[in-house]
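Keep the 3D view open as you read.

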Amino acid sequence: MRNDKLSFLGPQDIALLLRNSQRRKVTRGEVIVREGQSPEAVFIVHEGFISVRAGDVTVGYFGPGQVLGEIGFLERRTASATVVAE
């Protein structure tokens, strides 16, 4: 499961990432990240889809292999949108 955002990672980087990650199962409608809050992790969609919502408007969807929350997490910014499990 590679993504362009992670293409710079080598095998050792990926091993480190996997050792320090955890799988989290979410249910439809569950909020993963709330707009205005600081994300505590970087997320990679393993299966299913999540929606990205700015206010009441859905602005995008993420599916398997896609990465989200990395900018807010790495730059310590608050989330610009709410992420919900579909």
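Let's start with the strands: S3 and S6 run antiparallel to each other, with four bridges between them. One of the pairs to look for is serine 51 with its bridge partner in S6, valine 84. Bear in mind throughout that this is a predicted model.

S3 has another partner as well. It pairs with strand S4 (residues 57–62), again in the antiparallel sense, over five bridges. Isoleucine 50 is bridged to phenylalanine 62 of S4, and alanine 54 stands opposite valine 57 in S4. The hairpin of S3 and S4 has two residues between the strands, and there glycine 55 takes a positive phi near 65°.

**The nonpolar core**

Which residues make up the largest nonpolar core? There are twelve in all: Ile32, Val33, Phe43, Val45, Ile50, Val52, Phe62, Leu68, Ala79, Ala81, Val83 and Ala85. S1, strand S3 (50–54) and S6 are the elements that give two or more residues to this core. As a general matter, nonpolar side chains in soluble globular proteins tend to be buried together.

Phenylalanine 43 is a handy place to look at this core from. Leaving out residues up to four places away in sequence, phenylalanine 43 touches Arg24, Ile32, Val33, Gln66, Val67 and Leu68.

Another core member, Ala81, sits in the loop between H2 and S6. Is alanine 81 buried or exposed? Its relative accessible area is 12%, so alanine 81 counts as buried, the cut-off being under 20%. With residues up to four places away in sequence again set aside, alanine 81 touches Val33, Arg34, Glu35, Val52 and Arg53. Histidine 46 lies 35 residues from alanine 81 along the chain, and their C-alpha atoms are separated by 20 Å.

Now move to helix H2, where isoleucine 71 is found. Why does isoleucine 71 count as partly exposed? Because its relative accessible area is 46%, which falls between the 20% limit for buried and the 50% limit for exposed. Apart from neighbours within four places in sequence, isoleucine 71 is in contact with Arg76 and Arg77. Isoleucine 71 and valine 45 are 26 residues apart in sequence, and their C-alpha atoms are 16 Å apart in space.

Arginine 76, one of those two contacts of isoleucine 71, belongs to the loop between H2 and S6. Arginine 76 is exposed, because its relative accessible area of 77% is over 50%. Its backbone is worth a click too: phi of arginine 76 is near 55°, a positive value in a residue other than glycine.

On to the empty space. Rolling a probe the size of a water molecule over the atoms shows where such space is left.

| Pocket | Volume |
|---|---|
| Largest pocket | about 1600 Å³ |
| Second largest pocket | about 320 Å³ |

For the second largest pocket, 17 residues form the lining, and those closest to its centre are Gly69, Gly72, Ala79, Ser80 and Ala81. Strand S5 (67–68) and H2 each supply at least two residues of this lining, and H2 gives the most, with three residues. By class, the lining of the second largest pocket has ten nonpolar, four polar and three charged residues.

How many residues line the largest pocket? The number is 44, with Gln22, Val42, Phe43, Ile44 and Val45 nearest its centre. Helix H1 (11–19), strand S1 (31–33), strand S2 (43–44), helix H2 (70–75) and strand S6 (82–85) each supply at least two residues of that lining. H1 has the largest share, five residues. The lining of the largest pocket divides into 24 nonpolar, eight polar and twelve charged residues.

Some names turn up in more than one place. Phe43 and Val45 belong to the largest nonpolar core and are also among the residues nearest the centre of the largest pocket. Likewise, Ala79 and Ala81 are part of that core and are among the residues closest to the centre of the second largest pocket.

Key
Residues are numbered from 1 along each chain as its sequence is written. This is a predicted model: local features need pLDDT of at least 70, side-chain atom pairs count only at pLDDT 80 or more; totals for chains, interfaces and linings use all residues. Side-chain values use heavy atoms; hydrogens and water are left out. On a 1 Å grid over the protein atoms alone, a cavity is a set of points where a 1.4 Å probe fits but cannot get out, and a pocket is an open set with protein on both sides within 12 Å along at least five of seven lines; lining residues have an atom within 4 Å of a point. Grid points are joined across faces, edges and corners, and a volume is the space filled by probe spheres set on the points. Ala, Val, Leu, Ile, Met, Phe, Trp, Tyr, Cys and Pro count as nonpolar, Asp, Glu, Lys and Arg as charged, and the others, Gly among them, as polar. A nonpolar core is a set of buried Ala, Val, Leu, Ile, Met, Phe, Trp, Tyr and Cys residues joined through side-chain atoms within 4.5 Å. Buried means under 20% relative accessible area, exposed over 50%, partly exposed in between (1.4 Å probe, protein chains only). Contact means heavy atoms within 4.5 Å. Two strands pair if DSSP finds at least two bridges between them.
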